[in-house]
Amino acid sequence: PVSEDTIVHASDLRDVVNYLWAGGAEAISINDQRIVATTAIDCVVNTILINNVKLSNPFKITAIGNSEKMMALLSSSLSLSDLKKRVKANGVLFTVKSRDSLKIKSYVGSFTVISGQKQ
C-alpha cells in the first residue's frame, strides 16, 4: 500500500539534484526534463511539477559529470538520510548506476525569472 512513507517527495528529488550539482554534475534531468538554474521542483497533489510538466513515479534522474564524485556523495551515509530510511523501512526504490555514455535532452523553455516585485 502507498503511504506517506513510500512516496517520493519533491524534496527528495531536490536533495538528489543538489548532491549531484555538489558532485560536479554538468547536466541533470529527471524523466527527460532538463534541470537548469530556473527549474523549480514542486509537489502538486500526488504528482511532481518540473519545468511546468507534471510527472509521477518512477523517477529516473540522469546526470553527466564526474561519476566517482557524484556516486560518493549519493552513497555517503551522511547524505539523503530521510530517503534512505524510507528505502530500508518502506520499500522506496533508490538505486545509483554509473554508465560510460549518457545523453540528456536540451532544455526547452524560458529562462525568464519573475520576481513578483514591481520596479
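Predicted model: local features only at pLDDT ≥ 70, side-chain atom pairs only at ≥ 80, totals over all residues.
View 1. Along the sequence the order runs α-β-β-β-β-β-β-α-α; helices (H or I, at least four residues) and strands (E, at least two) are DSSP runs, numbered from the N terminus. Of the 119 residues, 28% are buried, where buried means under 20% relative accessible area, exposed over 50%, and partly exposed in between (1.4 Å probe, protein chains only). Take the contacts (heavy atoms within 4.5 Å) with a separation of 6 or more: 67% of them join residues 24 or more positions apart. Residues are numbered from 1 along each chain as its sequence is written, and side-chain values use heavy atoms, with hydrogens and water left out. As for confidence, local features need pLDDT of at least 70 and side-chain atom pairs count only at pLDDT 80 or more, while totals for chains, interfaces and linings use all residues.

**View 2. Helix H1, residues 10–22.** Its 13 residues reach 18 Å from first C-alpha to last, close to the 18 Å expected at 1.5 Å a residue (the expected span is 1.5 Å times one less than the number of residues). Ala10, Asp12, Leu13, Val16, Val17 and Leu20 are the buried ones. They sit on the same side of H1 because they cover an arc of only 160 degrees around the axis, taken from the directions from the helix axis to the C-beta atoms. After H1 comes Gly24, with a positive phi near 95 degrees.

View 3. The model holds 2 salt bridges, each a side-chain nitrogen of Lys or Arg within 4 Å of a carboxyl oxygen of Asp or Glu. One pairs Arg86 with Asp12 (2.6 Å, N to O). Arg86 is in helix H3 (residues 81–90) and Asp12 in helix H1, so this pair ties together parts 74 residues apart in sequence. The other pairs Arg86 with Asp82 (3.2 Å, N to O); these two are 4 residues apart in H3, about one helical turn. Arg86 counts as buried at 5% relative accessibility, whereas Asp82, at 45%, counts as partly exposed.

**View 4. Asn51, in the loop between strands E4 (47–50) and E5 (53–55).** At 17% relative accessibility, Asn51 counts as buried. A polar atom of the Asn51 side chain lies 2.8 Å from the backbone oxygen of Arg34. Leaving aside residues up to four places away in sequence, Asn51 touches Gln33, Arg34, Thr39, Ala40 and Tyr107.

Technical notes
Polar contact = N/O pair within 3.5 Å; in protein donor to acceptor, adjacent residues only side chain to side chain.
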